[in-house]
Amino acid sequence: MSRISDMLPRHFGPYGGRYVPEMLVPALEELEQGYLKYKDDPEFTAELTDLYQNYCGRPTPLYYAENLTRELGGCKIYLKLEGLAHTGAHKINNALGQALLAKRLGKTKVIAETGAGQHGLASATVAARFGLECKVFMGEVDVRRQYPNVYAMKLLGAEVVPVTDGTRTLKDAVNATLKYWIQNLKNTHYILGSALGPFPYPVMVRDFQSVIGREARAQIMEREGRLPSHLVACVGGGSNSIGLFHPFLNDPGIRFHGAEAGGRGPAIGDNAARFGGSPKIGIVQGYKSYFLQDESGQLQNTHSVSAGLDYAGVGPELAWLYDQNIVEFSPITDVKALDAFKRMTRLEGIIPALESSHAVARAIELAPTLPKDEIMIVNISGRGDKDIFITAMELDRENWIAFLENEVRHGK
Amino acid sequence: MENNIDRALADAAGIQLMTHVVAGYPNLDVNADLIRLMALRGVKLIEIQIPFTDPLADGPTIMRANQAALDQGVTPRHCFELCAALSRELPEVAFLFMTYANIPFAMGQGAFMAKARQSGASGLILPDLSWDESDGDYAGAAREHGLHPVMVISPDTQSPRLDAILSRASGLLYTTLKVGITGAGASLDQTGVDYVRNLKKKAGLPIAAGFGISSPEHVRMLDGLADVAVIGSHIINLMDTSGLGAVDEFLAACGE
């Protein structure tokens, strides 16, 4: 074991690690060494920065939500608009970084899992850009509810593989992708989409996503000359939240808020609130963290109106930050998220993703309780176009069904 | 340490079979019949898989069997009871519990091992409980409970990791092999053959090899190379499509 590998944290407190079948270890070691070699390499970082600016449209704006602030009557609310990044969400930050790394490691194929389809879309996009073959594994349930993204991935040249095992959602897509990887290690890189899974993914994905927090920090200092006191983000696996939070973790006096999927309510199987009841630690999908599971250790079914938050585990660094009372998690129900979705759209002319609407809902709860001179940054991790089939069905059902029927009848 | 794995392999003539059942698939009663049938056909090593929602190292057949078992409400307790009953009935068979890290973790590793031993098991196969994690280094604790830690490797497993694994493994070492398909029959790829040869010299342990064995020919190809041939999903496929009789015929042919 080379000494240099001590520079990448393998564990966060007791969490994280690399719990995988031995046959996966050589690939993860290769990735670890590759990431160590290139992460601070000037050419690598220059290329990534150039792509962030000229391909992704970074830096994304930090927008002062004046109307929302006025209506809630509390602290000043700023929105980090990751939905304005290329492909419509923060996922591209990580996909680009990993694709550049895959190229340098001599890989010709990339594979990815996806829940809402945003990470799959980002992976298919970078694969098209870099001439890599791409397969995206997606739970059958998610394929059905996020078809617009499936279509876009196919358009970009990716093969979308529906996963029919288990609950047929994100966690099963992760299993399927890991298994495919085990069988195709030599020329394939797995672009894991969240800050979880076996080491080195949690630290690598966090680093690539930290561009969100670094930009937000510089932008708020320029606008306000001081740091925010509250940061809010939604948490599925946790990549947009750790990306926003991480560059602020050493600053004193900041509160970090994670909005989890409260789903239909607190009953088992109705939500994806890992920190909701009595959080339980487990070892699943290559890492140790909190997982929604029964007393035998079987993962529980999850539900959320937003596919991207519908996941039973959470990134190990967030688990450790929870233990230390640095990040506070709150469940946001489907109903509250949809309300926040409507409010943000009407008040600011910004249509947030359903995932991000959970963060907005948490901000709406918090802001009125905070003094006017305090600042809050809410991560709008994605834009809501992709959710049109869900939101329209919830908010404009009859007209939407009439439209769909008409399309089917006359579409040919 | 008195252990059925050692006994099964010490007086072995030729290659032995290690078969696999997913506890609760298709149900616990059929599991018992299947295990009896295996023992009658001379199988001395039987893996009982405790079903798990996210079986990372299993292919589609065994994964679906896991899910079907869980859908019927099978818990680790049922698996221990199955093993306890069958190990009393078949005292010469070495039973091994195979499952994933979260099952012993949820129960507490010590409690899990104690229960496994009490139910008559002789070994554990826990593919994702990595020995290089502090709480994954379970080999010594397993031996204290009278259980062999049967570790799973592949031809990509080389020094220094292989040495670390060999220093922990006991009873049996399980490696996967690659198969090249040539014409009508399958043949072992040379890298895999060389790997097992070297491993046998180096390990000083019986070697089990698995690579999707699905014919008696495959078993014979391994004879003289490995000590044990592992037959997993093929038995489930046979049982699903043609019933226990087909499993019986297959095992009989493997023994010829």
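Where in chain A is the place of N325(A)? The legends below, which describe a predicted model, take up this residue first and then turn to other close-up views.

Close-up 1. The place of N325(A) is the loop that runs between α12 (316–323) and β13 (327–333) of chain A.

**Close-up 2. The open sheet of 6 strands in chain A.** The strands of this sheet follow the order β3-β4-β14-β9-β10-β13 in chain A, and their pairing is mixed. At the edges stand β3 (62–64) and β13 of chain A, each of which pairs on one side only. From one strand to the next, the twist averages 25°.

**Close-up 3. β10(A), β13(A) and the helices α13(A) and α14(A).** Strand β10 (residues 255–263) of chain A runs parallel to β13(A), and 7 bridges join the two. Within this part of the sheet, E260(A) stands opposite P331(A), a residue of β13(A). Helix α13 (residues 334–348) of chain A lies across both β10 and β13 of chain A, and its direction is at about 90° to β13(A). Helix α14 (residues 354–366) of chain A also packs on the sheet, where it touches β4 (76–81), β9 (230–234), β10, β13 and β14 (375–380) of chain A. The direction of α14(A) makes about 145° with that of β9(A).

**Close-up 4. The open sheet of 4 strands in chain A, with α8(A) lying across its strands.** Here the strand order is β7-β6-β5-β8 in chain A, and the pairing is parallel. The edge strands, each pairing on one side only, are β7 and β8 (188–190) of chain A. Neighbouring strands of this sheet are turned against each other by 25° on average, direction ignored. Strand β5 (residues 109–114) of chain A and strand β6 (residues 133–139) of chain A run parallel and are joined by 6 bridges, and A112(A) stands opposite V136(A) in β6(A). Helix α8(A) lies across β5, β6, β7 and β8 of chain A, running at about 160° to β5(A).

**Close-up 5. Helix α1(A) and its buried face.** Helix α1 (residues 25–38) of chain A has 14 residues and reaches 20 Å from its first C-alpha to its last, which is close to the 20 Å expected at 1.5 Å a residue. Its buried residues are A27(A), L28(A), L31(A), E32(A) and Y35(A). Seen down the axis of α1(A), these buried residues fall within an arc of 140°, and they therefore line one face of the helix. They pack against α4 (91–104), α8 (170–183) and α9 (201–209) of chain A.

**Close-up 6. The hairpin formed by β11(A) and β12(A).** Strand β11 (residues 281–284) of chain A pairs with strand β12 (residues 287–290) of chain A in the antiparallel sense, over 4 bridges. The bridge partner of G282(A) is S289(A) in β12(A). The hairpin has 2 residues between its strands, and Q285(A), which lies in the turn, has a positive phi of about 55°.

**Close-up 7. The contact between chain A and chain B.** The contact takes 28 residues from chain B and 24 residues from chain A. On the side of chain B that touches chain A, the elements giving two or more residues are α3 (60–71), α5 (102–107) and β6 (151–153) of chain B. The largest share of that side, 4 residues, comes from α5(B). The residues of this side of chain B divide into 14 nonpolar, 9 polar and 5 charged.

**Close-up 8. Two cis peptide bonds in chain B.** The peptide bond from Y25(B) to P26(B) is cis, with omega near -5°, and P26(B) lies in the loop between β1 (16–22) and α2 (28–40) of chain B. The peptide bond from S159(B) to P160(B) is cis, with omega near 5°, and P160(B) has its place in the loop between β6 and α8 (161–166) of chain B.

Technical notes: Residues are numbered from 1 along each chain as its sequence is written. Chains are lettered from A and ligands numbered from 1 in the order in which they are written. This is a predicted model: local features need pLDDT of at least 70, side-chain atom pairs count only at pLDDT 80 or more; totals for chains, interfaces and linings use all residues. The expected span of a helix is 1.5 Å times one less than its number of residues. A residue is buried if 20 or more other C-beta atoms lie within 10 Å of its own, exposed if 12 or fewer, and partly exposed in between; C-beta atoms are placed from the backbone. The arc is that of the directions from the helix axis to the C-beta atoms. Two residues are in contact if their C-beta atoms, placed from the backbone, lie within 7 Å. Ala, Val, Leu, Ile, Met, Phe, Trp, Tyr, Cys and Pro count as nonpolar, Asp, Glu, Lys and Arg as charged, and the others, Gly among them, as polar. Two strands pair if DSSP finds at least two bridges between them. Axes are lines fitted to C-alpha atoms, for helices over the stretch in contact, and angles run from 0 to 180 degrees between N-to-C directions.
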